[in-house]
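Reader: I am new to this structure. Please take one part of it, look at it closely, and then relate what you say to other helices.

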Amino acid sequence: MANSDKKKNTAAHVAADSKASAQPKKKRKKRKKAGPIRKTLTVIGTVLLSLILVCIITCSIIAATLTVYVMQFRESSTIDLDLNNLDLAYTTFIYGYDENSELVELASISKSADRIPVSIDKIPQHVRDAFVYTEDERFYEHDGVDWRRTFSAFVNEILNQALYGGKQGGSTITQQLVKNITGDDDVGWERKMREIFRASDLEKYYSKDDILCAYLNTIGFGGSTAGIQAASLKYFGKDVCELTIAQGACLAAIPQSPNTLNPWADAEANKERQEVVLGLMLKNGAISESEYEAALVEDLEIIDPDAVALEDDDIQNWYVDMVIRDVIYDLMDYYGVDYDDASDMLYDGGYTIYTPIDIEMQEEIEAKFKDYTTFSSEVLTDPPQSCFIVMDYTGNILAVAGGVGEKAGSNVWNRATMSTRQPGSSIKPLAGYSYGIETDMMTWSSLYQDMPIEIPDEDNPGQTRSWPTNYSSTGNMTYSGSYYFVFQALQRSLNTISARIVQEATPSKAFEFMQNKYQFTTLSAYDADLAPLSVGALTNGVYLREMVAAYQVFGNGGKYFSPTSYTYVLDPSGEVILQHTYTPIQSISEESAYVMNKLLQQVVEGPNGTGRAAQLESTTVVGKTGTSQNWVDQWFIACTPDYVSGVWYGYDDNRTVKTGTYYGTAQLWKNIFGDIAKAGTTESFPECDTIVEKYYCSNTGLIASGSCPTGGIGYYKSSNVPAVCTSCSYSSSTAEESDAESALNETDSIFTAYYSINS
Ligand SMILES: [Zn+2]
């Protein structure tokens with residue numbers, strides 16, 4: 001600092017001199033007699049000299065500033081790299097909090113899990129050479145950084161990025177080791193500089209053998225395999241000291257792209273690269289011509305991956321699987337890298353992940369999923385699969401189960417977050433009903449006819465066909481022609497009325513609504529149509545996780561929070577790199593959410609509700625069942641005052657689930673989650689003061705007058721309260737008569753009359 005200040009002062013001084021100080025004047029005086037040409041030359045000389053001085057001084061200032069900056073950067077880059085204690089440096093930890101808010105380690109993941117350290121003397125010279133001549137030819141000559149290579153790599157990188165968008169090496173073995181240990185995978189010149197400083201440091205304190213040994217012990221060989229010994233056992237079933245030249249070269253072929261160049265992933269690509277490695281060894285005199293020729297044709301005797309048994313100890317739970325995958329995807333976005341690279345970062349990296357898991361709940365749910373009696377009263381030979389997920393009302397995922405039975409391994413297929421399935425009727429509240437309520441297109445007691453609509457017939461161009469019909473317990477396709485109130489139609493899950501609602505909304509508007517309000521990521525443009533939106537026959541299906549996230553608006557006053565399995569993620573330096581922002585979208589108004597909540601309560605509590613089996617004694621349950629065509633997918637999505645959760649079951653290969661083999665989904669939901677829901681501490685769903693609660697006329701669905709028969713209370717948005725019914729008051733005597741009779745017998749004709757007047 002002091003240095004640069006001094007230089008600045010000098011600069012100021014000189015600048016002043018060149019303008020008006022005494023010295024040049026003196027010179028000019030002295031040379032006055034020398035004539036105009038000489039005078040001009042003198043002036044030019046002075047100006048030039050001044051310019052050069054200014055240049056030199058400016059450059060010095062820049063150089064000094066840069067030096068200070070670099071020194072500071074270097075200081076901030078310094079990190080204690082201990083080659084004797086590598087494991088901790090690159091382990092990623094995943095945490096949650098228990099019921100006493102104590103931090104609990106859920107899992108620690110790293111490639112060192114499979115790593116088996118070996119000392120350098122156990123690694124044959126030809127294996128060391130294979131790596132050195134492939135990765136870093138001048139390894140034994142440089143001081144950690146190969147400047148020649150760094151420069152050419154820099155140029156190459158620019159060309160490469162322009163031509164192929166690809167990555168180009170340029171890193172020495174020492175630099176790669178630094179990267180492996182620190183997990184510093186930032187993209188950009190700052191990381192490169194940090195890496196260069198750290199590599200030079202490493203070379204000061206450790207021998208070339210130490211560095212090569214640490215490198216060979218930490219390098220990735222595909223999947224979670226790290227280190228030369230683990231790789232040797234994995235691919236050849238033998239110790240590293242027994243590797244042949246050809247096999248050593250086969251392993252040295254992997255690090256350039258561990259997940260695509262390993263012999264299990266692509267034997268052909270590996271072989272091609274192995275030949276390059278052998279060529280480099282020959283060129284550098286590590287092997288003779290005859291050794292080279294022999295190695296080229298040697299049978300590598302690679303182990304058959306299918307013959308390797310899965311180890312079942314230390315299997316991660318479903319939650320840990322989920323959060324690992326979620327963080328990998330978000331690292332891809334954050335760093336702009338592909339899945340393999342992001343996965344390597346996480347497993348190499350020494351990250352710390354905090355999750356919102358409810359540890360106790362996760363354990364309970366997993367126990368239910370391991371117990372077949374949760375799903376069926378009988379032991380089935382070929383049972384369907386199932387999954388479950390639960391969130392709080394800010395999108396925090398509390399627990400998840402991705403399959404029935406014992407978990408087969410870590411990072412296996414999780415149906416709750418990875419399978420897209422047809423939602424069937426569970427889509428109805430999202431596309432049609434909440435659209436109709438939110439836009440004031442309909443009310444609690446609007447009337448719709450249980451009758452198919454006419455749609456274009458694909459088989460007979462120019463003609464129409466009637467569509468759809470309703471499911472019935474007997475499997476027959478039916479419709480009654482009767483009129484139903486909105487709350488009844490949802491309670492009974494009538495396809496015909498759902499189709500009418502979407503038709504009235506127009507499919508394009510209902511689609512846009514569903515896409516924007518509930519943030520589904522799997523919808524396709526083809527889904528902006530009647531069948532997808534009214535009965536849930538989508539192009540791609542939906543994830544259970546996204547379905548449950550969508551339903552949270554019905555239990556929290558209309559707010560959509562994107563679902564998350566982590567709260568934040570720290571990189572190895574302790575900096576927060578990923579943080580979930582709990583910023584909701586107000587998907588539907590509080591009033592609409594309140595009405596929807598009451599409508600969905602009818603599904604569980606109403607006399608014809610399809611979700612009646614989910615009822616709990618002391619806790620309100622609101623929800624919706626869903627069944628896709630041919631009973632392939634079965635759903636129940638439910639809100640209780642504390643949680644929003646959902647269950648799906650079906651076969652992975654889309655076979656029909658035979659009726660009666662599994663419990664119905666509402667019952668299944670209760671089996672899995674009933675006890676947990678009952679133990680919740682929130683007493684009720686959010687209230688809404690502006691909601692209008694009034695008796696509706698059971699003839700017209702309008703607000704009941706004194707002379708109307710009424711079936712009960714309706715819930716209305718303040719912006720959309722129906723008019724008071726006047727139809728029933730014309731002849732109070734006949735109204736009394738019809739009151740006395742069974743109203744249902746009369747309703748059809750009255751509804752028809754009402755409709756012809758009002759529609
Ligand atoms: Zn009336």
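**A covered helix, and others**

Author: Of the 11 residues in helix α20 (residues 495-505), 9 are buried, so the helix is mostly covered (buried means 20 or more other C-beta atoms within 10 Å of the residue's own, exposed 12 or fewer, partly exposed in between, with C-beta atoms placed from the backbone). The model is predicted: local features need pLDDT of at least 70, side-chain atom pairs count only at pLDDT 80 or more, and totals for chains, interfaces and linings use all residues. Residues are numbered from 1 along each chain as its sequence is written. Helices (H or I, at least four residues) and strands (E, at least two) are DSSP runs, numbered from the N terminus.

The buried residues of α20 are N495, T496, I497, S498, A499, R500, I501, V502 and A505. Just after α20, T506 has a positive phi of about 75°.

Helix α21 (residues 507-518) packs with helix α18 (residues 428-438): their axes come within 9 Å and cross at roughly 100° (axes are lines fitted to C-alpha atoms, for helices over the stretch in contact, and angles run from 0 to 180 degrees between N-to-C directions). The two helices α18 and α21 are therefore roughly perpendicular (65 to 115 degrees; under 35 is roughly parallel, over 145 roughly antiparallel, the rest oblique). L430, A431, G432 and Y435 of α18 meet A510, F513, M514 and Y518 of α21 (contact means C-beta atoms, placed from the backbone, within 7 Å). The residues of this contact are 7 nonpolar, 1 polar and no charged (Ala, Val, Leu, Ile, Met, Phe, Trp, Tyr, Cys and Pro are nonpolar, Asp, Glu, Lys and Arg charged, the others, Gly among them, polar).

Helices α4 (residues 125-135) and α12 (residues 267-283) pack at about 95°, with axes 9 Å apart. D129, A130, Y133 and T134 in α4 meet V277, L280 and M281 in α12. That contact divides into 5 nonpolar, 1 polar and 1 charged residues.

Helix α25 (residues 665-678) has 14 residues, which at 1.5 Å a residue should span 20 Å; its end C-alpha atoms are 18 Å apart, which agrees (the expected span is 1.5 Å times one less than the number of residues). A bend of about 55° lies at I672 of α25 (the angle between axes fitted to the seven residues ending there and the seven starting there). I672 is among the buried residues of α25, as are W669 and F673. Cover for the buried residues of α25 includes α16 (359-370) and β4 (385-391).

Methods. Two residues are in contact if their C-beta atoms, placed from the backbone, lie within 7 Å.
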